[in-house]
Amino acid sequence: MSSEALLPHTVEPHPVTAMYSGKFGTWLFLASEVMLFGALFSTYVLLRVGAPAEGPGAWLTHEEAHLSWKIGGFNTLVLIISSVTMVLAWASLKMGQFAKGRRYLIVTLVLALLFVAVKMTFEYLPHIHDGYIPSHSTFFAIYYTMTGLHVIHILGGVLIIGYFIGPGCALWKENPDYYTNRIECTGLYWHFVDLVWIFLFPIFYLL
Amino acid sequence: MTDNEAHMRQHIRLYIGVFTALAVATVLTVVASNLHVSPTMHLVVALTIAAAKALLVAAIFMHLRWEKTIVLWGVLIVTAIFLTGLIALPALSMGGLPESYHLGSWG
């Protein structure tokens, strides 16, 4: 049974949206993700602007919060590089180069895990050890909420990319265009995760 | 080399170029945060650079530069309108807070 029989427009464009349905569906999903993170960014603005001068609601400086721009900056570069390797994976698949595309996917996966490892090792775990937990202050409450949700999204991406490196790559033999399109959709999600971090980095580490 | 390969190789050069721009912009963001300017100016500069980076990622990596379908652009524009409202409306409501509220680090 072919994939096209199960799901229509996995490769051929849909007459209304003029693109294959997976891509349009992914964009709709990303629109909902924009509202999710947007609500949290809005919360951040309110909490920060309304912060009193003293007390647990007072805003912390980066020194007080032990947040290093060097670690944040390193992680920013890690995610940017992973975005490039993700799009290069898709480009390789478009040119029929499966082995090369899979290698780029593996590099993307490794970089994603590096991001999480750095965050846990140099930020979350030392913070928790020193008592800087969500209930410590308003600053840490919103910091953990936003960066924690972002890390969960990274881990979700790790699962998806891992699937397409592993068992999912069997689809390439059956329908290479469908496989390539699914990688493109994975890439859209991954670039969105990078986009969110592009805004998280300055608001928590620099401003 | 087929037409498709030539086309993709052109795209790959563009991706590497955008990556370089993003890396430079990240460094610029850090440098700008150390400038001796007002908190408002820090905010404006940081968010402007972040917006420029976001635009590059969306246009080139997410292929929006080449997407012409009206349905997709309709979804994106409506999302942008709602996102603007989601952030602007609560922020604008800050004017109604009692005198005892201190306008924190951006006041």
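**View 1. A salt bridge between the two chains.** In this predicted model, the side chains of B:Glu67 and A:Lys23 meet in a salt bridge, with 2.5 Å from N to O; the term salt bridge stands for a side-chain nitrogen of Lys or Arg within 4 Å of a carboxyl oxygen of Asp or Glu. A:Lys23 lies in helix α2 of chain A, while B:Glu67 lies in the loop between α2 (39–61) and α3 (70–92) of chain B, so the pair joins two chains. Helices here are DSSP runs of H or I with at least four residues, and strands are runs of E with at least two, numbered from the N terminus. Both A:Lys23 and B:Glu67 are buried, where buried means under 20% relative accessible area, exposed over 50%, and partly exposed in between (1.4 Å probe, protein chains only).

**View 2. The interface of chain A and chain B.** The contact, which means heavy atoms within 4.5 Å, takes 52 residues from chain A and 47 residues from chain B. Between them the two chains bury about 4400 Å², 82% of it on carbon and sulfur atoms; this buried area is the accessible area (1.4 Å probe) that two parts lose on being put together, summed over both. The count of salt bridges between chain A and chain B is 1. On the side of chain A that touches chain B, the elements that give two or more residues are α2 (21–49), α4 (69–94) and α8 (176–206) of chain A, and α2(A) gives the most, with 17 residues.

View 3. Because A:Lys23 lies in helix α2 of chain A and A:Glu184 in helix α8 of chain A, the pair ties together parts that are 161 residues apart in sequence. A:Lys23 is buried, with a relative accessible area of 10%, and A:Glu184 counts as buried at 9%.

**View 4. A salt bridge within one helix.** The side chains of A:Lys119 and A:Glu123 meet in a salt bridge of 2.4 Å, N to O. These two residues both lie in helix α5 (residues 98–129) of chain A, 4 residues apart, about one turn of the helix, and both are buried.

**Notes to all views.** Residues are numbered from 1 along each chain as its sequence is written, and chains are lettered from A and ligands numbered from 1 in the order in which they are written. Local features need pLDDT of at least 70 and side-chain atom pairs count only at pLDDT 80 or more, whereas totals for chains, interfaces and linings use all residues, and side-chain values use heavy atoms, with hydrogens and water left out.
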